[in-house]
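Hello,

Here is the structure I promised to pass on. Please have a look, and read my notes below when you have a moment.

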Amino acid sequence: KLTAAAIGFGFSQSKSEQWGTDPNFGISQLNELLAKGIYPIVYLKMPPPLPTHAVVVLGFAGEKVRLLDPYHGPRSLLNERFIEEWTLTRQKIIIVE
C-alpha cells in the first residue's frame with residue numbers, strides 16, 4: 001500500500017523489496033541509499049500490539065541507527081537490535097524515488 005501511494009504521488013521509481021537475512025548486505029545497501037539522499041522505509045518486527053512497524057531510516061551514528069518513527073517520534077536503536085528486528089521481516093524495505 002505504501003509503495004502504491006508513493007507512485008500515486010508521482011514517485012514513479014518507488015519499490016518494495018525484501019533483501020533476505022544477510023545483515024551485512026542490508027546495512028551496506030542502506031548506507032548506499034542514505035549517501036544518495038534517499039531515506040528508506042523499513043519494517044521492523046515489534047512486540048505486540050505492533051507485529052511489524054514501518055520506520056524511516058535517517059542514518060547511522062556510532063553504534064546506533066537514527067529513525068523517524070510515526071508511533072514514537074524520532075528515536076535511535078542500537079545497531080544490533082535494529083538488525084535483529086529488521087532481519088525478522090527479511091529486511092523488508094520501501095524505497096521512495
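Predicted model: local features only at pLDDT ≥ 70, side-chain atom pairs only at ≥ 80, totals over all residues.

Residues are numbered from 1 along each chain as its sequence is written, and side-chain values use heavy atoms, leaving out hydrogens and water.

The chain has three helices and six strands (DSSP runs numbered from the N terminus: H or I of at least four residues for helices, E of at least two for strands). Along the sequence they follow the pattern α-β-α-β-β-β-β-α-β.

The radius of gyration is 13 Å, which agrees with the value near 13 Å for a compact globule of 97 residues (taken over C-alpha atoms; the rule is 2.2 Å times the number of residues to the power 0.38). Of the 97 residues, 38% are buried (under 20% relative accessible area, 1.4 Å probe, protein chains only).

Now the helix pair: α2 (residues 23-35) and α3 (residues 79-87) pack at about 105 degrees, with axes 11 Å apart (lines fitted to C-alpha atoms over the stretch in contact, angles running from 0 to 180 degrees between N-to-C directions). That makes α2 roughly perpendicular to α3, a label covering 65 to 115 degrees. P23, G26, I27 and L30 of α2 meet F82, I83 and W86 of α3 in this contact (heavy atoms within 4.5 Å).

Best wishes

Terms used: Parallel < 35°, antiparallel > 145°, perpendicular 65-115°, else oblique. Buried < 20%, exposed > 50% of the residue type's maximum accessible area, 1.4 Å probe, protein only.
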